[in-house]
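Here is a short briefing on how two parts of one chain meet. Have a look at the model first, and then we can walk through the contact region together.

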Amino acid sequence: MKYIIYDRYENAKALLSSTNELFARLGLEVLKPKESLLDCGGYFARFTQKDILVRNVAYNLALANSLNATFVFAEEDAYANALYAKTLIESDSALMRDIETNFLHRFKLLYDSKVQMSYLPDLLNTLEFDNLIQKRFSPFSSIIVRGAYQGHLPKSTNHRIYEKIDLKMLENPLALQDYTHLLQNNPQSALYNGAKLFFDLADLGVDFILSYSLRQFDLLDSKRTELCKAYNRDNIALPIVFLPQILLLAFGESDHKKLGFNHHQQKVEMF
C-alpha cells in the first residue's frame, strides 16, 4: 500500500515532520507527487468557496487514485472539508461528470468513487505496531481537542491505540469546544474563550493536550502568549501535541527535530 499525505498548510511543520517520521517507522511507503496538491480550505471554505473546495478535493483524490495511493489526512480540519466535498461529488453524478469534463481533463485525471481516503487516527487503528513500542505513558493522562466540524464526522475511537501505550485518555464535554473560527472576525472572543478552554482543561489535571485539529494547535500553542494576556493569567507548562508525536515517543524517539517539537512555540520538555 502506498500513501500520499495531504500537506497544503501554511504552518504545519510540527505535524507534517512527525507524520512523515511516523510513516517511516511503520514502514509505510509515502509518495511525493511531482504535482502540487490543492488546498482543501479553512473553516469557511464550504460556505464561501464551495465550488473551489469541491474541485480541489476531486483533484487531490483523482491524483492519488492515478498513483494507486491512499490519500491521508493527518488532522481533522482538512479531513472534514475533504469528506464533505467527497460526499457531495459521489452523491451527484452530474457534478462528478462536470468536474471531470471542465477541470480534471486538463491534468488527464478521472474521478473514481472507489478512491481510498483515510484519516490518520482511523488508519492507525487498522495497523499492528506492538513490536515498535518501547515506552509506556503510565501514569500520564491526556485529553483530545478536535475541530469545529467534529459533529459532522463519525466518532473516531482510538482507545485501542492509547491502551497499547498505557496512556489514560479523559473524556469531558469541555474538550468539545472550538473557538478557532472566531479568530478571523472576532479575535478578542476567540482568544478569551480559547484561554478559558485551555485553563479549564489544565484544571482537569492532564499532563498534556492532544490536538486532532491544526487550528486548535495553532490557537493553544502558537497563540499562547495572546491567550494568557486575554485571560489575565500566567502561562503554564502544558504542551499541545499531535498523535504522531505521541506514538513516536512510545516508539522510543527522542530527537526533537524528528518529533517536530522544534516547531512548537511552547517548549515541550516534560518528555
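**Where the two domains meet**

Three salt bridges are counted between domain 1 and domain 2. Please keep in mind that this is a predicted model. The domain assignment places domain 1 at residues 2-123 and domain 2 at residues 130-263.

**Charged and polar pairs**

- Nine residue pairs, with both partners at pLDDT 80 or more, are in polar contact between domain 1 and domain 2.

**The side of domain 1 that touches domain 2**

- Four helices each supply at least two residues to this side: helix 1 (13-26), helix 2 (45-48), helix 4 (76-90) and helix 6 (120-125).
- Helix 1 gives the largest share, with ten residues.
- By type, the residues on this side of domain 1 are 15 nonpolar, six polar and eight charged.

**Extent of the contact**

- The C-alpha centres of domain 1 and domain 2 are 24 Å apart.
- On the domain 1 side 29 residues make contact, and they meet 31 residues of domain 2.
- About 2600 Å² is buried between domain 1 and domain 2, and carbon and sulfur atoms give 65% of this area.
- Arg25, Tyr43 and Glu76 together supply 25% of the area that domain 1 buries against domain 2, which is more than any other three residues.

How values were computed: Residues numbered from 1 in each chain as written. Predicted model: local features only at pLDDT ≥ 70, side-chain atom pairs only at ≥ 80, totals over all residues. Heavy atoms only, no water. Domains from an automatic or database assignment. Contact = heavy atoms within 4.5 Å. Buried area = accessible area lost by both parts, 1.4 Å probe. Salt bridge = Lys/Arg side-chain N within 4 Å of Asp/Glu carboxyl O. Polar contact = N/O pair within 3.5 Å; in protein donor to acceptor, adjacent residues only side chain to side chain. Nonpolar A, V, L, I, M, F, W, Y, C, P; charged D, E, K, R; others polar.
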